[in-house]
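This report describes a protein chain from its overall fold down to individual residues. The sequence and the model are shown next.

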Amino acid sequence: MTDLTADEARRIILRAQGFLGATARGGGVSAMLRRVGAVQLDTISVLARSHELVAYARLGPVGRSVVERAYWDDPARAFEYWCHAACILPIEQWPLYAFRRRAYRERRFRWHEVPPVVDKVLEQVRSDGPITTADIGGAKNGGPWWDWSDTKIAIEFLLDIGEVVCTRRVGWRRVYELAERAVPADLLAQDLSDDECVTRLTTIAGRSLGVATRADLVDFTRVKGGHAAMLDEALLSGAAGLVPVRVSGWPARRGAGADGPNAWADPAALESEPRGRHRTTPLSPFDSLIWERARAERVFGLNHRLEAYVPKDKRVHGYFAMPVLAGGRIIGRSTRPARAPRWSPGRSDSSRAAAVPGPWRR
């Protein structure tokens, strides 16, 4: 078992997530997506939408079109599905979510009952696709945001069970296409068991996070019940390829004792000491470096809450405050994020952290 200080674990995490060292920038946005494993989607757009901010934070001012092509293109390089949340995922991960697609199919329920029009909607995609919800009657019934039309419920259920896939977005609306036309045939042909899916996703989560507790891995993959038990077995048996480590200052693992391992690590990440320049950048609150609050507090001492959904008079830091990373640490928050011409997110210059222009504040 490897013993790590909290500082060593933090540096391994930063390198794994692409914030430490020059090699993290190699391969552009597509390589970045594969490095982090999943990029969370969200409708909020302040500086830019979160999936863009994740790329800018690691790569600097790459063009928006470059980001979009890496996520949604023809042929498909990525797809949208449920991981930590609604995420963009590398297309080669398609077979690994068969366990979740099967579970949705068996449940036949999402947030709404699946309506009888689902077969009709599938046939419309087959005959007319790619299509948007506007092509099948609209997304809403006219009420609150959750008051979806039957056709919207149907098309989203078809996305959940893998009959259709989001091939790109137009004005933030999904464009749906048959999976058999959008996903490479060799990936569609793979038929993995639930256990194989969860094991391989656990490996990806461990590699992307660098060092992680069991709770961190569960949060990344969002497994529960029997699937969470499969994750535990993959860890304990070694099938996931992660190794137990003990990080000083991190809470003890249940049943392991005070001197036992309390986390798991990608063995490749332990082979060399993380070196290189740190990225200096504001972070989207949905960035995988900090998307889980307990982990962010444990690794960075960051107690952060997205206040977009908090009443305005009760906000402490603002609608979309962005934690600022510099020198491998969270040094503060940008409470009024806005574009600044003299500085770009992701710049590798920790000396600028103390003098960020305009609305960027410590």
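## Overall fold

Among the contacts in the protein with a separation of 6 or more, 63% are between residues 24 or more positions apart, where a contact means heavy atoms within 4.5 Å. The model is predicted: local features need pLDDT of at least 70, side-chain atom pairs count only at pLDDT 80 or more, and totals for chains, interfaces and linings use all residues. Residues are numbered from 1 along each chain as its sequence is written, and side-chain values use heavy atoms, with hydrogens and water left out.

The secondary structure comes to 13 helices and 12 strands; helices (H or I, at least four residues) and strands (E, at least two) are DSSP runs, numbered from the N terminus. The radius of gyration is 21 Å, close to the 21 Å that the globule rule gives for 362 residues, so the protein is as compact as a globular protein of that length. This radius is taken over C-alpha atoms, and the globule rule is 2.2 Å times the number of residues to the power 0.38. Along the principal axes, the C-alpha atoms fill a box of roughly 55 × 50 × 40 Å.

Of the 362 residues, 55% are buried. Buried means under 20% relative accessible area, exposed over 50%, and partly exposed in between (1.4 Å probe, protein chains only). The accessible surface comes to about 16300 Å², and 50% of this surface belongs to carbon and sulfur atoms; the areas come from the Shrake-Rupley method with a 1.4 Å probe, and for residues only the protein chains shown count as cover.

## Confidence

The mean pLDDT of the protein is 88, and 90% of its residues reach 70 or more. pLDDT is the predictor's confidence in each residue, from 0 to 100. Over residues 347-362, pLDDT stays under 50, and the model has 40 contacts beyond four places in sequence for this stretch. Where pLDDT is low, the predicted coordinates should not be read in detail.

Helix H10 covers residues 194-209, and its 16 residues should span 22 Å at 1.5 Å a residue; the end C-alpha atoms are 22 Å apart, which agrees. The expected span is 1.5 Å times one less than the number of residues. Buried residues in H10 include Cys-197, Val-198, Leu-201, Ile-204 and Ala-205. Just after H10, Gly-210 takes a positive phi of about 85°.

Gln-93 lies in the loop between strand E4 (86-90) and helix H5 (98-107). At 5% relative accessibility, Gln-93 counts as buried.

Glu-52 belongs to helix H3 (residues 50-59) and is buried, with a relative accessible area of 4%. Its side chain makes a polar contact with the side chain of Arg-64 at 2.6 Å. A polar contact is a pair of N or O atoms within 3.5 Å; within protein, one must be able to donate a hydrogen and the other to accept it, and residues adjacent in sequence count only if both atoms are side-chain atoms. Beyond residues up to four places away in sequence, Glu-52 touches Arg-64, Val-67 and Glu-68. From C-alpha to C-alpha, Glu-52 and Val-39 are 9.3 Å apart in space and 13 residues apart in sequence.

Arg-246 is located in strand E8 (residues 243-247) and is partly exposed, with a relative accessible area of 22%. The side chain of Arg-246 makes a polar contact with the side chain of Asp-3 at 2.7 Å. Although 242 residues separate Arg-246 and Leu-4 in sequence, their C-alpha atoms are 6.0 Å apart.

## Gln-40 in strand E2

Gln-40 is part of strand E2 (residues 39-40). With a relative accessible area of 9%, Gln-40 is buried. Residues up to four places away not being counted, Gln-40 touches Ser-50, His-51, His-84, Ala-85, Ala-86, Cys-87, Phe-286 and Trp-291.

## Backbone features in loops

A cis peptide bond, with omega of about 0°, joins Gly-129 and Pro-130. Pro-130 is in the loop between helix H6 (118-128) and helix H7 (150-160).

Trp-172, in the loop between strand E5 (164-170) and strand E6 (173-178), has a positive phi near 75° without being a glycine. Arg-222, in the loop between helix H11 (214-221) and helix H12 (226-237), likewise has a positive phi of about 50° although it is not a glycine. Arg-222 is partly exposed, with a relative accessible area of 43%.
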